[in-house]
Amino acid sequence: MSKFATSDSAELAEEFAEEFGQRWNRFWFAPADPLPCSVLRIIVGALAACHFAVMGPSLNTWFARDGALSPDAAAKILELSGGGAGFHLSYLNYIPACTGLYIVHALAIIFALAFATGLFTRVSGVLTLVAMLSYVHRVPQIAGHIEPVLSYLLAYLSLAPAGAYFSLDQRLFGTSKKSSLGTFLAGSTQPSLLANLSLRLIQVHVAMFYAMMGLTKLYGDAWWQGSAVWVLLAQTESHTLDASGLRRAGEMGEYALNFLAHTIVYFELAFPVLIWTRLARPALLALSIVVWLTLIVVTGHLLFGLLMLATGLAFVPAQKLRSLIGANANEYRPAPYEPAPAV
Amino acid sequence: MQLPNTQQAKDDGAIGRSVLSLLICIHLFCVAVVLSSNFRRSALQARLVSIFAGYTKLLHFDPEFTPYYYTLGRTSDDDTWLTIDLYPSADQPVGQQQVAKTIRLPEGGSNWFENRARAFQLAKLLAFNAEPGNENDDLTGEIARSVGGWAMRTTGNHRAVVRCVRRMSQPYDLSTLSAGFPADRPRDPTYEAMLYDADVWTDEDGQVQLLKRASRAEVAPRQSGTSPTTAPSPDPTSK
């Protein structure tokens with residue numbers, strides 16, 4: 001009897017392992033259309049360029065070697081706050097406030113624009129990432145909300161054939177398989193493992209990021225009690241608009257602000273779980289527009305909000321994206337997935 | 001029957017997938033650990049974050065303590081900034097000279113972009129480490145010395161007073177506002193509290209010196225039941 005039970009359990013475990021392995025392989029290793037990566041590349045590159053451009057007026061104040069926080073001071077503050085000063089490498093540590101700093105800054109913008117337009121895509125992607133990291137590591141204490149998101153998007157999109165569509169590489173080198181340089185820089189329009197891997201990494205990372213954002217809000221009474229949106233709007237120095245007029249709406253105004261705060265928290269907590277279900281995905285992506293537009297107005301994090309909105313595109317199926325942007329829907333034929341042995 | 005080279009290619013593919021799967025798992029584990037350690041870390045999380053730092057910090061996958069909650073409704077989440085009063089002479093006390101210039105961080109710019117947020121963030125870091133419970137004079141001194149030194153260098157002055165100021169926000173319901181806080185003027189100085197105040201000057205060797213001046217004094221703008229209006233009251237969002 002027990003012999004049969006052991007045999008059944010072993011079979012069940014084997015079946016489960018086989019099933020899990022097949023699903024794992026399908027999730028990570030099925031070739032995917034590179035179109036979503038190309039669309040994301042344009043948005044991420046453009047937002048990275050904007051991010052660099054808006055740093056311009058305060059370049060000397062924050063990022064010059066002789067700026068408000070010198071590299072030594074920044075390192076010492078990191079050590080004193082228990083963060084450790086290691087692994088913060090930046091070429092900006094060596095450039096004082098001078099024309100050279102502006103030249104280096106202009107290069108960073110050019111790299112980001114090259115990535116957005118798909119010029120030497122993989123190289124410009126990596127260079128944009130290096131430039132972005134240099135700003136972060138120069139003064140980590142004042143790094144903003146957008147940088148951690150930009151860094152993983154740039155990293156994953158540099159891995160992907162993100163220049164396969166809508167890129168200058170495509171025009172310069174074509175998509176011919178003979179052009180190995182073109183294939184290396186831009187990638188091929190053929191469904192590929194790298195396109196899938198990159199998209200999946202973005203999806204999982206975005207989901208984890210939402211979980212982190214939602215969970216940290218649970219630490220504060222302001223989000224539980226729904227007053228967080230008002231608290232942000234009531235700031236006199238950092239607010240984007242004067243919301244004191246809302247008081248005229250009395251209790252109804254307060255209820256509306258409470259509702260917004262609750263919606264934001266519930267959305268951020270629901271996203272990492274429900275985004276994987278086909279039924280909830282469209283609703284969550286539609287809701288993300290409302291939530292991020294609200295957060296942009298309330299917090300003023302314009303570029304961060306737009307970037308988080310754009311990450312939703314990673315969850316839109318390639319075929320749907322094709323029809324949305326008017327690309328030729330017949331151009332892409334999904335490659336049949338050949339089940340592989342479980343890993 | 002499969003040809004031997006086809007079988008070989010399949011085996012190679014399986015090995016490649018196995019290696020990639022392992023790398024994906026390691027990467028996602030590192031990311032999950034640093035993201036879950038964004039706010040309040042256990043000793044285990046802190047240890048793991050420091051182990052993965054070479055990868056996660058270098059590529060900035062670790063947002064460290066970036067406040068993705070934006071506000072928790074605490075007084076410490078209210079707007080905080082730095083002001084630097086500059087004086088021409090390092091040898092004379094500030095009481096005996098006129099202010100040559102006052103710099104404020106942030107100064108100008110738009111709240112729609114990160115530049116102003118950077119200055120608020122630095123001021124909040126200083127304010128946090130100037131709070132009675134978390135007082136870290138080395139850290140606050142390093143920030144004040146560096147910012148004061150920069151302000152003196154860029155303006156050609158030799159003495160400065162670096163201040164960290166916080167302005168408390170008004171509640172939605174103005175009837176809960178404590179006495180003495182004007183309802184119609186949310187920028188009134190009554191709402192402001194000086195959290196840190198230090199003299200910074202350049203000595204004869206050209207080194208920037210610092211002497212901390214004052215401790216913080218703060219009054220809550222909101223009423224809290226029967227408690228005196230001028231006493232620190234519980235946070236408006238607390239239960």
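**Helix packing and chain contact in a predicted model**

In helix 6 of chain A, Arg122(A), Gly125(A), Val126(A), Thr128(A), Leu129(A), Met132(A), Leu133(A) and Val136(A) meet Glu147(A), Leu150(A), Ser151(A), Leu154(A), Ala155(A), Leu157(A) and Ser158(A) of helix 7 of chain A. Here, contact means C-beta atoms, placed from the backbone, within 7 Å. Helices are DSSP runs (H or I, at least four residues), numbered from the N terminus. The contact of helix 6 with helix 7 of chain A comprises nine nonpolar, four polar and two charged residues. Ala, Val, Leu, Ile, Met, Phe, Trp, Tyr, Cys and Pro count as nonpolar; Asp, Glu, Lys and Arg count as charged; the others, including Gly, count as polar.

The model is predicted: local features need pLDDT of at least 70, side-chain atom pairs need pLDDT 80 or more, and totals for chains, interfaces and linings use all residues. Residues are numbered from 1 along each chain as its sequence is written, and chains are lettered from A and ligands numbered from 1 in the order in which they are written.

Beyond its neighbours within four places in sequence, Ala48(A) contacts Ala112(A), Phe115(A), Thr128(A), Met132(A), Leu150(A) and Leu154(A).

Chain A also touches chain B. The contact draws 70 residues from chain A and 65 residues from chain B. Several helices of chain A each supply at least two residues to this side, among them helix 1 (2–29), helix 6 (121–138) and helix 7 (146–159). Helix 10 of chain A gives the most, with eight residues. The chain A side divides into 38 nonpolar, 24 polar and eight charged residues.

Conventions: Two residues are in contact if their C-beta atoms, placed from the backbone, lie within 7 Å.
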